[in-house]
Amino acid sequence: MGTENPGRPSFPATPFAAAPPTMTPFSNSGSVVGSEASNLRPMRPTVPPNTSPPMTAGPAGSGESPAFRPAPPTRFNDPSLPTPPSSYGPPAAGTFNRFPTPPFGSMPPGPPARAPVVGQPPFQPPPSQVSPPLSFRPQGQIPGVPMGSPPPGVNTPQIDSSFPASRPNFQPSFPPTVSGYPAAGASSQLPLPGYVKQSNAPFQAPQGPPVQSPFQSPPVGYAPSAPTPSPHFLSQQGGLAQAPPVASPYGLHSSTMPPMGAMQGLIEDFSSLSIGSVPGSIDPGVDSKSLPRPLEGDVEPNSLPEGYSLNCNPRYLRLTTNAIPNSQSLVSRWHLPLGAVVCPLAQAPEGEEVSVLNFVSSGIIRCRRCRTYVNPFVTFTDSGRKWRCNICALLNDVPGDYFAHLDATGRRVDLDQRPELTKGSVEFVAPTEYMVRPPMPPLYFFLIDVSISSVRSGMIEVVAKTIKSCLDDLPGFPRTQIGFITYDSTVHFYNMKSSLTQPQMMVVSDLDDIFIPLPDDLLVNLSESRTVVEAFLDSLPTMFQDNLNMESAFGPALKAAFMVMSQLGGKLLIFQNTMPSLGVGRLKLRGDDPRAYGTDKEYSLRVPEDPFYKQMAADFTKFQIGVNVYAFSDKYSDLASIGTLAKYTGGQLYYYPSFQAANHSEKLSHELTRDLTRETAWEAVMRIRCGKGIRFTSYHGNFMLRSTDLVALPAVDCDKAYAMQLSLEETLLTNQTVYFQVALLYTASCGERRIRVHTAAAPVVSDLGEMYRQADTGAIVSMLSRLAIEKTMSSKLEDVRSNVHLRIVKALREYRNLYAVQHRLGGRLIYPESLKFLPLYGLALCKSTPLRGGYSDVPLDERCAAGFTMMALPVKNLLKLLYPSLVQLDDYLLKPSASADEFRKVMKRLPLTADSLDSRGLYVYDDGLQIVLWFGRMLSPDIAMNLLGPDAAAELSRVTLVERETEMSRRLMGLLKKLRESDPSYHQLCNLVRQGEQPREGFMVLTKLVEDQTGGTNGYVDWLIQLHRQVQQNA
Ligand SMILES: [Zn+2]
């Protein structure tokens, strides 16, 4: 909480006003709770149904009820208002009412939002054990929504071709189909090299029908283990001062290139690909070996030399192009998203840790007009007494404490002691004017479903054990706060007061009017109540082991958690196994309706029906609560609705469909541990400023906007990225350079309020070619993915995919128009070197879980969960998810002395196509979320025995990979460990698949091979041909 602009009017919290209408602060439950507590039996309290709040007669509530109301949110200043104070004086009054409801009064700044605990605890704990709830009435089971196989043929549209060419998918645009994009053609099914085709295999291998090529191109497909990336694919991104490389057209058809003489004047670094589509021929004329593939993973743009070397590292801020267009007309010809992807807390590159600076004596130096933080791009004049803001050009006074003389070149003499003037990323300790209340302690609150399905899945035990194992590592010791609520058809609270030896459970069954049965001690200081917390976690799995309750009062439990947390804010972790069935927020089994696909109503499956969850998310954000949802159900549970809790609070949705502890506990345990122990920035807000004439106009990711440009992030960490799009405000930019500055104001777990600032500059250009040359495919794909996923909330999947396709077509067409005629490249697909992977990533995006196919291709919950995940992923993780790594392992494992480090050197990523899989090999597939080991049918039995022991002959779906007493097994396990460590944001479970094991092989591996035609989707070659035709046709 706080203000990122303390010089502006601030908005102190008002803890005593405007409790949300749903609150029932401490109603007269005292006696009820007391009686329950005395025998510690969780029974339904006999609360009179019409109790009106607030009561003051409860034994514990006397005189304290105001303190139990949630503090209203702090509001944040509107940065767009130019109210430049000449000094950092006390805030003036303001009227920034950015939240629609409720209006808040003002109060003196800075009181602790939480009232001190007064008096004795009302409920003396009898030293008995917490016993399981007594009377659970079994209730009718909620029927699941069938997620099974679709009606046959739903996703295999037949498309008429109006082209003379016999490949039916040479359509210039997507024809309307039932779902999915056009089938990749009724090509014959040929056996693949190295892959024996299954008669019932659900996929279709990529293949060009055998054809004559005017260029005598080698056959499509190539030897399995020979992924030789063309040397021309080396990254050419960035590098403003580098001489643009001379054209390096690749493809094997250099004979179709203009003679070298014609190349003399060709200094643009574009590339081209020969696509010989001769009328009447069905030969794609494409050598699939030579196609560009991102086998090196994400390549961050090189930091720009000369003048831009002071930019922050690209892992914090990436622009979709590092050349900003100077005019509207240029923007409109760019066709790709224009904007930035920001990951403010990305892990610092080694040796480049962000310096923390304390400016308490002089105050943090900021422009008094636009509030930009001092940075390496400001200039000092007037003998060091003034500094010019690089963003708005205002001349500011240098405060006396910050003054330094300038040397002969105009540089401050103290420059080398000033990280804020030499580094693109710094962190300032924020003085008190950046706070409107004391910095909050790290707070973790757990809301755990204990209904029968949770019990049976084993989830509760894994969660309890993991939380317990993390208690020493939760950030913020000794201030860390913790609390728990469990729920089934009732809501269970736990008194964790430090003087207790066992927690006391209190049950509230009045779901229509949920209240907190205890004024305090539901949220406790972890170090003080450690014993009680541990006792609770130890007993939690057994407490509910006989629970037969099938209901879920999730909504009321959520409101209860909100009431408990709202005074402080913090992180709410929800463990949800059953579709909410009781009280507010109960969800209908609207299900995944196959008939809705392909109609105008399709999108509604993917958006929440009940506004309750979005409203709750808004309330949570307002009160500095970030929500992470862990969902486990084996049935449809409407994650479209529940996921909004994470989406709008800057949180994360973890999905473990059909969770069973025996299979998934390792993944859950690792991911929960990371969630609990990673460094977290609390009560944060983020703003990105940019130079005059341009403006960020839309924001994309998991968060809520607090004003037009202030991103509210109750809890943020290194695994979250945000994207924003830019517009030009003026028709013509006159400056040479524009600057961007990301400021994240947050509370560190240590209790310090800080501002992390990343600054970067980019040149303004008038040349479209330069924009393309400086394009950053990673940032573009990240932005396109977010836009596409957002569009699935209002459009058919098919339309969303067409849109991705069309955008790429338009960009390539525009680019082609720049060069094609001039360089006589008529028959070739031309693209900038910087965008060489864009078509493939575009294809992969269309085949990603949120966008893929139709009803039958992805269960709805899985689709929604993947969408929430992809909206938050940093660029590097997203690209890995879109184009995962596939590596052959058997050679490495057979080497007698190979080490995991050595593997890294020889590790060669293969194209994602079935052609890469040799049935004599062993392969590892890794997309950052899961790992699959693929055992070729002809793999040496020796390797299989070494790795799997007696399980080698079993069906691999039943086999769990464990380390065995063989060198080969140790080497493999070491390797998997390295893979996981290189990408720790999720824990990749390792699945084993044997070639031909259907349908397992199909959904685990074959549908993930994005270059292949599968289930009516395009293969890479077809996709390129389609792009090329469209680029040409409408040129
Ligand atoms: Zn300024």
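**Close-ups of a predicted model**

**View 1. Strand β4 and its pairing with β22.** Four bridges tie β4 to strand β22 (residues 722-728), and the two run antiparallel. To find one of these links, look for G339: its bridge partner in β22 is Q725. Keep in mind throughout that this is a predicted model.

**View 2. Strand β4 meets β2.** Here we're looking at β4 alongside strand β2 (residues 317-319): three bridges join them, and again the strands run antiparallel.

**View 3. Helix α10, tucked away.** Helix α10 spans residues 639-647, and nine of its nine residues are buried. Among them are L639, I642 and L645, but also S641, T644 and K647. What do the buried residues of α10 pack against? The neighbours are helices α8 (554-565), α9 (612-622) and α16 (860-870), plus strands β15 (570-576), β16 (625-631) and β17 (652-655).

**View 4. Inside the largest nonpolar core.** This core has 155 residues, and F446, F484, F575 and F740 have the most contacts inside it. Zoom in on F484 and you'll see that it touches residues including F445, F446, I467, H492, Y494, M496 and F536. There's also a second, separate core of 57 residues, which includes I485, A557, A560 and L653.

Note on methods: Residues are numbered from 1 along each chain as its sequence is written. This is a predicted model: local features need pLDDT of at least 70, side-chain atom pairs count only at pLDDT 80 or more; totals for chains, interfaces and linings use all residues. Side-chain values use heavy atoms; hydrogens and water are left out. Two strands pair if DSSP finds at least two bridges between them. Buried means under 20% relative accessible area, exposed over 50%, partly exposed in between (1.4 Å probe, protein chains only). Contact means heavy atoms within 4.5 Å. A nonpolar core is a set of buried Ala, Val, Leu, Ile, Met, Phe, Trp, Tyr and Cys residues joined through side-chain atoms within 4.5 Å. Lists of a residue's contacts leave out its neighbours within four places in sequence.
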